[in-house]
Amino acid sequence: KQERRQADRQTRDAFRALMREYAAKGLLDYTTSWNDFAKLVGEDPTVEAMRRLGLARDMFDDFLEELTETFKTQFAVARRAMQAQQYELRLGVAFHEFQAAVGGSAPELSGHALRLVYDALYAKLEEQTRAEEEKRERLTERLLGVLRSESCITSATTYEEAAELLTELPAFAGVEESERRRVFLEHTARLGRLARRRPREAPAAAAPAAAAAAE
């Protein structure tokens, strides 16, 4: 029994050492799934031994929690470095630019650690940008609905006249000035096209009535 327990402990130690090795190489981090890690190690005898013990997945999950805590610390270090440099990440900025701007103020972070921070920040930035764009689209649609419902607004109405009429409506006030003007001008341009089209359509509509009268 003692020998079995010792062998099991050695297997666990070897598995933990293997995970640390992959983490040090940047091949295993807090974002890695168990399935991806299993594919990565293949039929490694250490992993196979852990599978026979039925502990491989549990130990992997525990190690992932440690990596998550490590990442939180690294993220905080990177954020302090960004603040020291008065640097803010923007969409379109490549990793090597981020690393050049921040890495010097956070020498304790490896390139892989900086990459994880960059990926997390960039993903959050993309998510925020999408949310803001969706909000703008919703507000724009509401404003367009209001413009369409106001029969007093014609192709001849100026933006200033419409603004005076609609200024207290949330659908109008909730949209930025430049966007309000754009939507308004597109709406009045559409009204103008419709107005010019109607005189041409009228004779065609009147033709059958004129033919019937002639008979």
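Which residue just after H4 takes a positive phi? Gln 86 does, with a phi of about 50°. Gln 86 is not a glycine. Most residues other than glycine have a negative phi. Gln 86 is found in the loop between H4 and H5. Its relative accessibility is 74%, so Gln 86 counts as exposed (exposed means over 50% relative accessible area, buried under 20%, partly exposed in between, with a 1.4 Å probe and protein chains only).

This is a predicted model, in which local features need pLDDT of at least 70, side-chain atom pairs count only at pLDDT 80 or more, and totals for chains, interfaces and linings use all residues. Residues are numbered from 1 along each chain as its sequence is written, and side-chain values use heavy atoms, with hydrogens and water left out.

**Helix H4**

Helices are DSSP runs (H or I, at least four residues), numbered from the N terminus. H4 has 29 residues. From first C-alpha to last, H4 reaches 42 Å, close to the 42 Å expected at 1.5 Å a residue (the expected span is 1.5 Å times one less than the number of residues). Buried residues of H4 include Ala 56, Phe 63, Leu 67 and Met 82.

| Helix packed against H4 | Residues |
|---|---|
| H1 | 2-24 |
| H2 | 34-41 |
| H3 | 45-53 |
| H5 | 95-102 |
| H6 | 111-149 |

Thr 68 is also in helix H4. Thr 68 is partly exposed, with a relative accessible area of 25%. Thr 31 lies 37 residues from Thr 68 along the chain, yet their C-alpha atoms are separated by 8.3 Å.

**H4 against H6**

H4 and H6 pack at an angle of about 80°, with axes 10 Å apart. That makes H4 roughly perpendicular to H6 (65 to 115 degrees). Axes are lines fitted to C-alpha atoms over the stretch in contact, and angles run from 0 to 180 degrees between N-to-C directions. Among the H4 residues in the contact are Phe 71, Phe 75 and Arg 79. H6 contributes Ala 113, Leu 116, Val 117, Ala 120 and Leu 121.

**Nonpolar cores**

A nonpolar core is a set of buried Ala, Val, Leu, Ile, Met, Phe, Trp, Tyr and Cys residues joined through side-chain atoms within 4.5 Å. The largest has 20 residues. Those with the most contacts inside it are Tyr 87, Leu 89, Phe 98, Val 102 and Leu 109. H4, H5 and H6 each give two or more residues to this core. H6 gives the most, with 7 residues. A second, separate core of 18 residues includes Ala 23, Val 47, Met 50 and Leu 67.

Terms used
Parallel < 35°, antiparallel > 145°, perpendicular 65-115°, else oblique. Contact = heavy atoms within 4.5 Å.
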